[in-house]
Amino acid sequence: MSKMMGAIPADFAGPELRIGGRTPADLVAEAGDTPLFVYDVAICDARIARLRAALPDGVDIHYAMKANPYRPLLEHMVSKVDGIDIASEGELAMALAAGADPAEISFAGPGKRADAMEKAVAAGVTLNCESEGEAERALAIGARLGKRPRLAVRVNPDFEIKGSGMRMGGGAKPFGVDAQRVPALVRTILDGGADWRGFHIFAGSQALDAAALIEAQVATVALAGELADAAGAPPPLINLGGGFGIPHFGGEQPLDVEAIGAELAKTLSNRAQILADTRFAIELGRWLVGECGVYLTRIVDRKISHGKTFLIVDGGLHHQLAASGNFGQLVRRNYPVAIADRFGDAPEEEVSIVGCLCTPLDRLADDVMLPRAEVGDLVAIFLAGAYGLSASPQAFLAQRPAREMIVGNGG
């Protein structure tokens, strides 16, 4: 029985597949070979413009670069958003090399090494402290360098985003400082002479329920006001996190960001007085870049086993772990997929698309109806702009690396 797959993003809908106005075959020829990730940055620009129109004044857009740190794409995003959120020393170096202003970079994540924190403090990057111990180390580093560290506190709230694909807040978590301990830590940071930067409150990710996100934002702004009052310190910035998801699978609907923006405007108009001069930020990765990417991989074999047809491609989970179902899915479901060379043709046969690795985990599509495909044809896996190559085990089995390129902006 055929299994449902998600809808191909509207940006690529049409009688033929075009990515940035170009055919997959032309893109592969320019890149030199498959497997190939192609990112259409015009799609990212449209997402940013839509979000800016939806959000109230005083709310910035930050890019969580862990979603996709590919240098040309990152450089493009740096030029379009208000801040870059990083989670490692390596990402710090990449963000700076891409031209990001250190004052607009925030560094989150548990387990920051002392040398990474020192580089961040020296550069003037904001550290989102994940514990009291981390804040103490940051203050000591600042004293040793003779530089005021820019410090914010990541808060572990007492709530989470309902229905989120990955829950980051509520209960015992390795992320952030439990809300009830935050005011004391803020006073320690202020007493230590740091440049106080505010709160990072992130409750979950990959949510498609606008009502749940609105509820979480209402709770986040209220919590920030309570913490600021208790600490006696207005926060310059409150990072509201993100959590905006994109539809991957059959039956899922796109997120209504206009409804979220309208309700956020109401929430901020009623915020606590201590937050009157506070700026806010929405931190997004997947929602900004996820739909801009297509992974192109070539069929190298076609075989039948026990009556089932397999299309074997030269890519796989070593490049696209998420599409294989091994990046957090509890029950494997199919990403949108197409035979790129026969994009407008009617489905003819049920096939499974598998990668070239020696593991049964290397599956890119199970039992889907597609036009008949032959050896040499290109397969397109959509939603490849976020958590693709950099989130996958590229070194596994020493297969050939994937190539990357951007289009839509002279790339």
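**Close-up views of a predicted model**

**Figure 1. Helices H4 and H5 are roughly parallel to each other.** In this predicted model, H4 spans residues 89–97 and H5 spans residues 114–123. Their axes cross at roughly 30 degrees and come within 9 Å. The angle lies under 35 degrees, and the pair therefore counts as roughly parallel. The crossing in which H4 passes H5 is left-handed.

**Figure 2. Residues that form the contact of H4 with H5.** Helix H4 contributes Glu89, Leu92 and Leu96. From helix H5 come Asp115, Ala116, Lys119, Ala120 and Ala123. Sorted by class, the contact comprises 5 nonpolar and 3 charged residues, with no polar ones.

Figure 3. The relative accessibility of His62 is 6%, under the 20% cut-off, so His62 counts as buried. With residues up to four places away in sequence left out, His62 touches Asp82, Gly83, Asp85, Leu237, Asn239, Ala281, Ile282, Glu283, Leu284 and Leu288.

**Figure 4. Confidence along the protein chain and in residues 163–169.** The average pLDDT of the protein chain is 93, and 95% of the residues score at least 70. Over residues 163–169, the pLDDT is below 50. This stretch has 27 contacts in the model beyond near neighbours in sequence.

How values were computed
Residues are numbered from 1 along each chain as its sequence is written. This is a predicted model: local features need pLDDT of at least 70, side-chain atom pairs count only at pLDDT 80 or more; totals for chains, interfaces and linings use all residues. Side-chain values use heavy atoms; hydrogens and water are left out. Axes are lines fitted to C-alpha atoms, for helices over the stretch in contact, and angles run from 0 to 180 degrees between N-to-C directions. Helices (H or I, at least four residues) and strands (E, at least two) are DSSP runs, numbered from the N terminus. Angles under 35 degrees count as roughly parallel, over 145 as roughly antiparallel, 65 to 115 as roughly perpendicular and the rest as oblique. A crossing is left-handed if the near helix is turned anticlockwise from the far one by less than a right angle, and right-handed if clockwise. Contact means heavy atoms within 4.5 Å. Ala, Val, Leu, Ile, Met, Phe, Trp, Tyr, Cys and Pro count as nonpolar, Asp, Glu, Lys and Arg as charged, and the others, Gly among them, as polar. Buried means under 20% relative accessible area, exposed over 50%, partly exposed in between (1.4 Å probe, protein chains only). pLDDT is the predictor's confidence in each residue, from 0 to 100.
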